[in-house]
Amino acid sequence: MDLDVFVSAHRAEWDRLDALLRRRRRLTGAETDELVFLYQRTATHLSLIQSSAPDPQLTGRLSQLVARARSAVTGTRRASWRDVTRFLLEGFPAAVYRSRHWWVPTALVSTVVAVLLGWWIGTHPEVQATIAAPGELRQLTRPGGEYETYYSSHPAAAFAAQVWTNNAQATAMCLVLGVFLGLPVLWILFQNMLNLGVGIGLMSSAGRLDTFLGLVLPHGLLELTAVFVAAGTGLRLGWTVIDPGPRTRRTALAEEGRSAVGMAIGLALVLFVSGAIEGFVTPSGLPTWARIGIGVLAEGSFLAYVYVLGGRAARAGETGDLEATERSASVPMAA
């Protein structure tokens with residue numbers, strides 16, 4: 001594309017659109033139709049320039065012009081309870097469902113890694129010796145030791161808030177840092193599995209693995225699922241950088257990035273539930289079977305939510321992205 005020729009051919013249209021936008025409150029019916037037509041044309045021009053002859057200054061000007069025109073054509077829109085309902089019943093579960101081919105394998109591989117690490121630590125005293133001194137290990141694993149008192153060491157409400165904050169930060173990092181080819185996500189995931197593996201290994205070597213699982217499973221099932229979903233989505237975002245598919249890399253990253261932001265909000269709600277379980281159920285006096293049962297119920301409810309509501313919404317075309325009317329008009333049309 002000869003950019004100078006293109007600008008000369010269409011500058012008058014852009015100037016006319018700018019003039020109409022400056023006085024859009026006093027437009028006639030014919031001028032309003034003209035504004036809509038010029039908005040569509042300019043959006044097309046912007047798309048063509050971005051894909052064929054990117055020029056930062058011209059792209060910036062046209063992006064601003066298209067944004068102003070889009071606001072004039074569609075009007076200012078405020079979030080409503082309808083948006084919240086759509087997000088909870090369609091957008092978020094559909095986004096998680098669409099990412100299942102990433103986070104389910106991530107969950108399976110990560111669980112195997114944690115179990116193998118636990119076995120390695122539990123069966124090799126020399127490895128345990130590198131973690132802590134023998135007296136410190138006994139203090140961790142003995143009845144009434146630090147592994148057990150950890151969950152009741154703070155008031156339940158404060159502990160739940162602290163756990164929720166830490167886990168929400170971890171999942172947000174997985175989602176945001178996925179754009180760096182997914183490498184930071186793998187490190188965050190490994191750190192989580194290493195911590196779990198250390199607990200499994202040390203408690204199993206002390207003959208108290210059942211106690212450890214009774215403390216971890218009530219909240220850990222839902223909590224780890226949220227981490228796996230975030231990690232899988234982050235890895236998917238990283239792969240999009242490498243292979244955007246039929247979309248342009250810019251478009252693919254924009255779509256997947258917006259979906260990831262929505263996932264962060266939804267997963268924060270999921271982690272709020274797991275944090276409440278960890279703060280109030282895990283340290284409670286309920287029998288082990290009842291505490292684990294609550295964890296299994298929470299996990300099953302989330303999976304049903306994803307595969308039933310999310311699957312239905314995804315098959316209906318929901319992607320977890322913004323609605324079509326809220327996205328930038330960047331689809332090329334005949335110039």
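Colleague: Leaving aside its neighbours within four places in sequence, which residues is valine 163 in contact with?

Modeller: In this predicted model, valine 163 touches Glu223, Gly275 and Glu278, once neighbours within four places in sequence are set aside. Valine 163 itself belongs to helix H9, which covers residues 156-177.

Colleague: What makes valine 163 count as buried or exposed?

Modeller: The relative accessible area of valine 163 is 7%, and the word buried applies under 20%, so valine 163 is called buried. As for distances, valine 163 and serine 205 are 42 residues apart in sequence, and their C-alpha atoms are 27 Å apart in space.

Colleague: Why is histidine 45 called buried, and what does it touch?

Modeller: Histidine 45 has a relative accessible area of 1%, which has to be set against a limit of under 20%, and histidine 45 therefore counts as buried. Histidine 45 is found in helix H2, residues 29-52, and, not counting residues up to four places away in sequence, it touches Phe6, His10, Glu13 and Trp14.

Colleague: What makes the backbone of leucine 181 worth a remark?

Modeller: Leucine 181 has a positive phi of about 60° although it is not a glycine. Most residues other than glycine have a negative phi. Leucine 181 sits in the loop between H9 and helix H10 (183-205); at 46% relative accessibility, a value that lies between the limits of 20% and 50%, leucine 181 counts as partly exposed.

Colleague: How do you know whether H4 and H12 are roughly parallel or perpendicular?

Modeller: The axes of helix H4 (residues 81-98) and helix H12 (residues 249-281) come within 9 Å and cross at roughly 110°. Angles of 65 to 115 degrees count as roughly perpendicular, and H4 is therefore roughly perpendicular to H12. The crossing of these two helices, H4 and H12, is left-handed.

Colleague: Which residues meet where H4 and H12 are in contact, and how do they divide by class?

Modeller: On the H4 side the residues are Phe87, Leu88, Phe92, Ala95, Val96 and Arg98, and they meet Glu256, Ser259, Gly262, Met263, Ile265, Gly266, Leu267, Leu269 and Val270 of H12. By class, this contact of H4 with H12 has ten nonpolar, three polar and two charged residues.

Colleague: Why are H11 and H12 called roughly antiparallel?

Modeller: Helix H11 (residues 209-242) packs against H12 at an angle of about 170°, with the axes 9 Å apart. Angles over 145 degrees count as roughly antiparallel, and H11 and H12 are therefore described in that way. The residues of the contact of H11 with H12 divide into 17 nonpolar, five polar and five charged.

Colleague: Which spans does UniProt list as "transmembrane region"?

Modeller: An unreviewed UniProt entry lists residues 102-121, 170-189, 221-239, 260-277 and 289-308 under that name. In the model, residues 102-121 are 100% helix and 0% strand, with end C-alpha atoms 28 Å apart. Residues 221-239 are likewise 100% helix and 0% strand, and their end C-alpha atoms lie 27 Å apart.

Key:
Residues are numbered from 1 along each chain as its sequence is written. This is a predicted model: local features need pLDDT of at least 70, side-chain atom pairs count only at pLDDT 80 or more; totals for chains, interfaces and linings use all residues. Side-chain values use heavy atoms; hydrogens and water are left out. Axes are lines fitted to C-alpha atoms, for helices over the stretch in contact, and angles run from 0 to 180 degrees between N-to-C directions. Helices (H or I, at least four residues) and strands (E, at least two) are DSSP runs, numbered from the N terminus. Angles under 35 degrees count as roughly parallel, over 145 as roughly antiparallel, 65 to 115 as roughly perpendicular and the rest as oblique. A crossing is left-handed if the near helix is turned anticlockwise from the far one by less than a right angle, and right-handed if clockwise. Contact means heavy atoms within 4.5 Å. Ala, Val, Leu, Ile, Met, Phe, Trp, Tyr, Cys and Pro count as nonpolar, Asp, Glu, Lys and Arg as charged, and the others, Gly among them, as polar. Buried means under 20% relative accessible area, exposed over 50%, partly exposed in between (1.4 Å probe, protein chains only). UniProt positions are given in the numbering used here, feature names are shortened, and annotations may be inferred rather than shown by experiment.
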